[in-house]
Amino acid sequence: MTILTCECGNEIYIMDETEATAWQCDACGQWYDFFGVKVVPPQERKKTVSPHLINWSAGEEL
């Protein structure tokens, strides 16, 4: 288990076995990654795909 401390002083408990990539503070709503760095809420993230990872010959598009 990992414990993050939010700027507001609230503790965020993280189970290390989870697949989540961000956790929200119950007190203030701020989102943090596993290392305690503020991140954009998951619903506001834009999914970007590198053009280098597209298999153009298979007809995949961005």
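Figure 1. Before we look, one term: a patch is made of residues with over 30% relative accessible area and no salt bridge, and nonpolar side chains are joined within 5 Å. Keep in mind too that this is a predicted model. In this view, M1, I3, Y13 and M15 make a nonpolar surface patch of about 450 Å². Y13 has a relative accessible area of 48%, so Y13 counts as partly exposed. Within the chain, Y13 belongs to strand 2, which covers residues 11–14.

**Figure 2. The two faces of strand 2.** Let us follow the strand that holds Y13.

Figure 3. Now move to strand 1, residues 2–5. Here T2 and L4 form the covered face, and I3 and T5 form the uncovered one. You have already met I3, a member of the nonpolar surface patch with M1, Y13 and M15.

**Figure 4. How strands 1 and 2 pair.** In what sense do strand 1 and strand 2 pair, and over how many bridges? Their pairing is antiparallel, over 4 bridges. L4 has I12 as its bridge partner in strand 2, and T2 has I14.

**Figure 5. The turn of the hairpin.** Strand 1 and strand 2 make a hairpin with 5 residues between the strands. Look for G9 in this hairpin: G9 takes a positive phi near 100 degrees.

**Figure 6. Stepping back to the whole chain.** How many helices and strands does the protein chain have? It has 0 helices and 4 strands, giving the pattern β-β-β-β along the sequence. The C-alpha trace spans about 50 × 25 × 15 Å along its principal axes. The radius of gyration of the protein chain is 16 Å, whereas a compact globule of 62 residues would have one near 11 Å. Of the 62 residues, 21% count as buried. The protein chain exposes about 5,100 Å², and carbon and sulfur atoms supply 52% of that area. Finally, among contacts between residues at least 6 apart in sequence, 14% join residues at least 24 apart.

Conventions: Residues numbered from 1 in each chain as written. Predicted model: local features only at pLDDT ≥ 70, side-chain atom pairs only at ≥ 80, totals over all residues. Heavy atoms only, no water. Patch = residues over 30% accessible without salt bridge, like charges linked within 9 Å, V, L, I, M, F, W, Y side chains within 5 Å. Areas by Shrake-Rupley, 256 points an atom, 1.4 Å probe, with all protein chains shown as cover. Salt bridge = Lys/Arg side-chain N within 4 Å of Asp/Glu carboxyl O. Buried < 20%, exposed > 50% of the residue type's maximum accessible area, 1.4 Å probe, protein only. Pairing = 2+ DSSP bridges. Rg over C-alpha atoms; globule rule 2.2 N^0.38 Å. Contact = heavy atoms within 4.5 Å.
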